[in-house]
Amino acid sequence: MNSDLIVRLPNHLGDACMSLPALELLAARGRNLLLAGGPWAADLFAGHPWPVLKLPKERAERVALLRARCAPGAPALLLTNSFGSALELRLARLRPAGYRTDGRRLLLARSFPVPARWRDSAAPMHMVEYYHQLAHAFAGGEAPAVPRELSLRLAPAAVERAQRSLGEAGIDGEYVMLCPVAVGLHKGKVKAWDGFGALCAELIGTGIRVAACPGPGERDAVRAVVPGATLLPETDVGTFAALLAGSRLVVANDSGSAHVAAAVGAPLVTLFGVTDARRTGPWSTRAVRVGGADGWPGFDEVMSAVRRQLAASRLQGRQ
C-alpha cells in the first residue's frame with residue numbers, strides 16, 4: 001500500500017481525537033493520508049477516507065509491517081513525541097518529520113521546534129493547537145485558524161450498531177451517558193471523580209434514563225460505581241462514538257471518553273481534579289469543564305453544570 005504521507009498517530013485515544021484538525025489540514029493541502037496507530041484507530045476513523053495501519057505491540061513487528069506496507073523513502077509525520085517512534089520509522093526506511101523532542105532530532109528528515117507557547121505556563125497551548133501547528137509547519141502555506149470544533153465522522157455501520165445496542169438494552173428514547181472510569185494515574189493521582197454514584201442516583205430519581213458503556217475490562221468497575229445505570233455491552237470505539245453522539249448529555253472524567261464525546265459534538269460535562277483543562281480539556285463549544293488541576297469539584301457544582309447542560313440540550317432539541 002503506497003500513500004503520499006504516512007501519519008503516525010498519537011498513542012492514546014483522546015490525543016488521536018485532538019489530532020483531527022491536524023489531519024484535516026494535511027488532507028486539505030492535498031496529502032493522501034495513511035494513518036498508523038493503535039488497534040482502535042481503524043474503528044475511530046472508519047468514517048473518514050483515510051486507510052489505517054494497525055500497529056502491532058512489538059517494535060520489531062511494527063517495523064516489519066511499515067516496511068511491507070510503505071514505500072522506502074516515503075515521508076512520514078510523527079504526531080508522537082518519543083525517540084522510539086522516530087527510530088521505528090527510520091528502521092522502516094521512511095523519512096520521518098516531527099517536533100524536536102526527546103533527543104531525536106538526528107533521526108528526523110525534517111524537524112520543527114516545539115512552539116514557544118507550549119512552554120507558557122500562564123497561557124498554555126492546547127494539544128489541538130500543538131498538533132495543528134505541526135501539521136501547518138509540515139505542509140506550509142498560509143496559517144489557517146484552528147477549527148473551534150472537532151469533526152469526527154461516524155461510519156453508518158457504527159451508527160447501526162449503536163442503535164441495535166440501545167434497542168437490545170431497552171433504551172428507545174433520551175439517555176444520559178456516564179463515563180465514570182479513567183484508566184491510569186496522573187502524577188500518582190487518581191484521574192476519576194468519586195461522585196458518579198450519587199450523580200447517577202440523582203438523575204434516575206428525576207426520571208432520566210442513565211446509561212454507561214464500559215471499556216475493555218471495565219464492566220465490574222463501572223457496575224460498582226454506577227449500579228443504577230443501564231450497562232451497555234462492550235463495543236468498538238466507532239460504535240462507542242455513535243452512542244455518545246446520540247446521547248442527550250455525556251458526563252465524563254478528563255479521559256479518552258470525553259474527547260470522543262467532544263469529537264462527535266455531544267453535549268458534555270467534563271470533570272477535572274488532577275489534569276490541566278487548558279492543555280487537555282475537551283475541544284468543543286458544547287462542553288462545560290468543572291474542576292481543575294488543583295482539586296475535584298463538589299457534587300453540587302457538578303450537578304449544577306449537569307442541569308444547565310440538560311436544559312441547553314432540551315432547548316436545542318426544540319429548535
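## A walk through the fold

With a relative accessibility of 40%, Arg223 is classed as partly exposed (20% to 50% relative accessible area, with buried under 20% and exposed over 50%, for a 1.4 Å probe and protein chains only). Arg223 sits in helix α9, which covers residues 219-225. Helices here are DSSP runs of H or I with at least four residues, strands are runs of E with at least two, and both are numbered from the N terminus. From Arg223 to Ser313 the chain runs 90 residues, and their C-alpha atoms are 27 Å apart.

A quick word on the ground rules. This is a predicted model, so local features need pLDDT of at least 70 and side-chain atom pairs count only at pLDDT 80 or more, while totals for chains, interfaces and linings use all residues. Residues are numbered from 1 along each chain as its sequence is written, and side-chain values use heavy atoms, with hydrogens and water left out.

**The largest pocket**

How much space lies in the largest pocket? About 1,300 Å³, where the volume is the space filled by probe spheres set on grid points joined across faces, edges and corners. A pocket is an open set of points, on a 1 Å grid over the protein atoms alone, where a 1.4 Å probe fits and protein lies on both sides within 12 Å along at least five of seven lines; lining residues have an atom within 4 Å of a point. The lining runs to 48 residues, and His12, Leu13, Gly14, Ser255 and Gly256 are the ones nearest the pocket's centre. The elements giving two or more residues to that lining are α1 (13-18), α6 (127-139), β7 (176-179), α10 (237-245), α11 (256-263) and α12 (277-280). Helix α1 has the largest share, with four residues. By type, the lining splits into 24 nonpolar, 15 polar and nine charged residues (nonpolar being Ala, Val, Leu, Ile, Met, Phe, Trp, Tyr, Cys and Pro, charged being Asp, Glu, Lys and Arg, and polar the others, Gly among them).

Asp15 belongs to α1. Is Asp15 buried or exposed? Asp15 is buried, at 18% relative accessible area. Leaving out residues up to four places away in sequence, Asp15 touches Pro10, Met127 and Tyr131 (contact means heavy atoms within 4.5 Å). Val128 is 113 residues from Asp15 along the chain, yet their C-alpha atoms are 8.2 Å apart.

Over in α11, seven of the eight residues are buried, so this helix is largely enclosed by the rest of the structure. The buried ones are Ser257, Ala258, His259, Val260, Ala261, Ala262 and Ala263. His259 in particular has a relative accessibility of 4%. What does His259 contact, beyond its neighbours within four places in sequence? The list is Gly14, Cys17, Met18, Leu150, Asp254, Thr280, Gly281 and Pro282. Ala28, by contrast, is 231 residues from His259 in sequence and 23 Å away, C-alpha to C-alpha.

**Helix α8 and the cysteines**

Helix α8 takes in residues 196-205, and its buried residues are Phe196, Leu199, Cys200 and Leu203. They span an arc of only 100° around the axis, which puts them on the same side of α8 (the arc is that of the directions from the helix axis to the C-beta atoms).

If you were wondering about disulfides, the structure holds zero, taking a disulfide as two cysteine sulfur atoms within 2.5 Å. For Cys179, the closest cysteine sulfur belongs to Cys213 and is 8.2 Å away, too far for a bond. Cys200 has no disulfide either, as its nearest cysteine sulfur, that of Cys179, is 12 Å away. Cys179 is buried at 7% relative accessibility, and Cys200 is buried at 1%.

**Positive phi angles**

| Residue | Where | Phi |
|---|---|---|
| Gly207 | just after α8 | about 90° |
| Gly265 | just after α11 | about 75° |
| Arg93 | loop between α5 (83-91) and β5 (95-99) | about 70° |
| Asp102 | loop between β5 and β6 (110-112) | about 60° |

Arg93 takes its positive phi although it is not a glycine, and Asp102 is likewise a non-glycine with a positive phi. Arg93 is also partly exposed, with a relative accessible area of 41%.
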